[in-house]
Amino acid sequence: MIVGMDKSDPGIAQGLQGVYFTESKISDVDGVNGKLYYRGYSIESLAKNSTFEEVCYLLVEGKLPSRREFLGFDRQLRSERQIPKPILGIIDEMTGRAHPMDVLRTAISALPAYDKDAYVETREENLRKSISLISKFGSITAAIGRRMSAKKYVRPDQSLSHAANFLYMLNGKKPTEKQAKVLDLMLILHAEHSSNASTFSTLVTGSTLADLYAAITAGVATLKGPLHGGADEAALKMMREIGEPENTERYIEDALGKREKIMGFGHRVYKTYDPRARIIRSTLEELQKSSSPEVRKLTEIALREEKMMIEKLGKSRGIWPNVDLFSGPVYTSIGIAPDLFTPLFAVSRIPGWCAHMLEYWEHDRLLRPLESYTGPLDIRYVPIGKRS
Ligand code: CMC
């Protein structure tokens, strides 16, 4: 019998929990020991030593680049930043009417119209499209942010790094080295995370041999939800509802009493402290002295949430801080509005999505699971006029 064809015992894994669907050499998430590796390199070593551009190369090409390889890759990334004019029109038209993630998704899905080789399906072309997408996600998201604050579009500056250019296009002035470094770190930490929901959805779409733009559009759509990428915005919203640090414990107690979820906690794979959250937490601590009263207040709230949740649900239920708990205060410290947090997550995750798609297409197999039908069968058809 073919696996999964036994209808009497379908062995359902709700939410596909614990199901392996393929092999991959891209990243390893160790949910027991709280470890994360990109292509074998620990997230701590990449956060300390690398840059987002280099991590992009590592993810899509499979190894760290030589200096010459890096310069070529970086040059290509910088040269792809310009946004086609009609896409700017889409951004202008939609921003303010729809959530920025919907604007980003629509803009990305329109890109093949301005790529003459959009449907050339060689590995080489898909690699070129990947580099273009990594670059354009930054520019498009910055342009959306700019439009959200009713300011004029800023053209990309090729002399700047990916992170610095993003902040420049968003704010209209060059960031400090420290601001660019903080964003670069956040981009690295969010760049890849194995078969999370948005990556899986990218692969489901790509496995039908739809093109890269279609697959990535599916990834953006999936990232939006508050159980996944949208949790960073939702976590900050929750902190704002808490308002003052001394309200934190009462708020959490009430929310848990109503069986509500506390955003920024829990994970399908990590049943311990998320290693990315640890790094972001220590970055936030480093930023504290120079940060605004608002950021200091948000940090205090996040730390009180952390303490209480670990006591209540950490050790007993395996619900620990995840990457989204401390991200909001960090983004706020570099002047990024909450509406832009999830699009910024997409700016970080695009190399991961592309890397997985390139890898999966090397041995493509249509992703098509089963569901166990539990409804009735052979019901007699009654014409519409005779139905009661
Ligand atoms: N606060 C309170 N209770 C929680 C939380 C939370 N954050 N997370 C899980 N639980 C409880 C949940 O209520 C359920 O309880 P019960 O068994 O009594 O009904 C139990 O834990 C299992 O929850 P689940 O949602 O079925 O577990 P999951 O493995 O599907 O959850 C999760 C993973 C991330 C969807 C969930 O932890 C969650 O909703 N967290 C809040 C949203 C969030 O922060 N998401 C970001 C995840 S990390 C970034 C990313 O991957 O995008």
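In this predicted model, the buried residues of helix 8 are Ala-180, Val-182, Leu-183, Asp-184, Leu-185, Met-186, Leu-187, Ile-188 and Leu-189. Helix 8 itself covers residues 177-189, a run of 13 residues, and the distance from its first C-alpha to its last is 18 Å, close to the 18 Å expected at 1.5 Å a residue. An α-helix has 3.6 residues a turn, so residues three or four places apart point the same way. Among the buried residues of helix 8, Asp-184 is listed together with Leu-183 and Leu-185.

The strands form an open sheet of three, in the order 1-2-3 and with antiparallel pairing. Strand 1 and strand 3 are the edge strands, each of them pairing on one side only. Strand 1 (residues 27-30) is joined to strand 2 by four bridges in the antiparallel sense, and within this pair Ser-27 has Tyr-38 of strand 2 as its bridge partner. The hairpin of strand 1 and strand 2 has four residues between the strands, and Gly-34 takes a positive phi near 65° there.

On its other pairing, strand 2 runs antiparallel to strand 3 (residues 41-42), to which two bridges join it; here the bridge partner of Tyr-37 is Ser-42 in strand 3. This second hairpin has two residues between its strands, and Arg-39 in the turn has a positive phi of about 50°.

In a regular strand the side chains alternate between the two faces of the sheet. For strand 2 (residues 35-38), the covered face carries Leu-36 and Tyr-38, whereas Lys-35 and Tyr-37 belong to the uncovered one.

The ligand has 24 residues around it, of which His-228, Lys-261, Ile-262, Gly-264 and Phe-265 come nearest.

Divided by class, the shell around the ligand is made up of 11 nonpolar, six polar and seven charged residues.

Technical notes: Residues are numbered from 1 along each chain as its sequence is written. This is a predicted model: local features need pLDDT of at least 70, side-chain atom pairs count only at pLDDT 80 or more; totals for chains, interfaces and linings use all residues. Side-chain values use heavy atoms; hydrogens and water are left out. The expected span of a helix is 1.5 Å times one less than its number of residues. Buried means under 20% relative accessible area, exposed over 50%, partly exposed in between (1.4 Å probe, protein chains only). Two strands pair if DSSP finds at least two bridges between them. A residue is near a molecule or strand if one of its heavy atoms lies within 4 Å of it. Ala, Val, Leu, Ile, Met, Phe, Trp, Tyr, Cys and Pro count as nonpolar, Asp, Glu, Lys and Arg as charged, and the others, Gly among them, as polar.
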